[in-house]
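Let's take a friendly walk through this structure and look at its charged side chains. Have a look at the model first, and then we will go through the pairs one by one.

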Amino acid sequence: MSLSARLEQDYLVAYKAKDTVRLGVLRLLKTALKNFQVQHLRVPEEGDVLDLIARQCKQRKESIDQFTAAGRLDLAEKEQAELVVLQGYMPEPLEGEALLAAVREAVAEAGAAGPKDMGKVMQILTAKYKGRYDGKAASEAVKAALASL
């Protein structure tokens, strides 16, 4: 089942179950998918849907940080609940040793000789593991791996 079809099916289930948090998140995703379709004049592919969900996750994380800093814990909790729903649609994230292994593999595949090849390595990582890693953590891991060459 495609991710778009799964979103549509989960939307109907949430609507019938009156799950307001999940329903609100899925409504926003459906709207964003429709906007993508109108803007790009094509049906979003699986990668496009993942990018959209990843952007929504990033927005929720930033909102949580801002609400927490402002002392609005009630709004931060709401955003956290929405983030949990969104993360359920993301693939298993690369973290820790798995991320380091992926970085080592990408460095070897790129034939990287030093820090100047960071762009090549990041392109390979993005092509293979799109939406599965934190960009900042991956960037740090690539820098460390290239510095040791």
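A salt bridge here is a side-chain nitrogen of Lys or Arg within 4 Å of a carboxyl oxygen of Asp or Glu. What you see is a predicted model, in which local features need pLDDT of at least 70 and side-chain atom pairs count only at pLDDT 80 or more, while totals for chains, interfaces and linings use all residues. Residues are numbered from 1 along each chain as its sequence is written, and side-chain values use heavy atoms, with hydrogens and water left out.

With that rule, the count comes to 13 salt bridges. Let's begin with D117 and K120, whose side chains meet in a salt bridge at 3.7 Å, N to O. To describe their surroundings, we call a residue buried under 20% relative accessible area, exposed over 50%, and partly exposed in between (1.4 Å probe, protein chains only). D117 is buried, at 8% relative accessibility, whereas K120 is partly exposed at 47%. Elsewhere, salt bridges with shared partners link R60, K78, E79 and E82 into one network.

Now find R6 and D10, which form a salt bridge with 3.9 Å from N to O. Both sit in helix α1 (residues 3-17), four residues apart, so about one helical turn separates them. Helices are DSSP runs of H or I with at least four residues, numbered from the N terminus. R6 itself is partly exposed, at 32% relative accessibility.

Our last stop is R104, which forms a salt bridge with E97; their closest N and O atoms are 2.9 Å apart. R104 is partly exposed, with a relative accessible area of 47%.

Key: Helix = DSSP H or I, 4+ residues; strand = E, 2+ residues; numbered from the N terminus.
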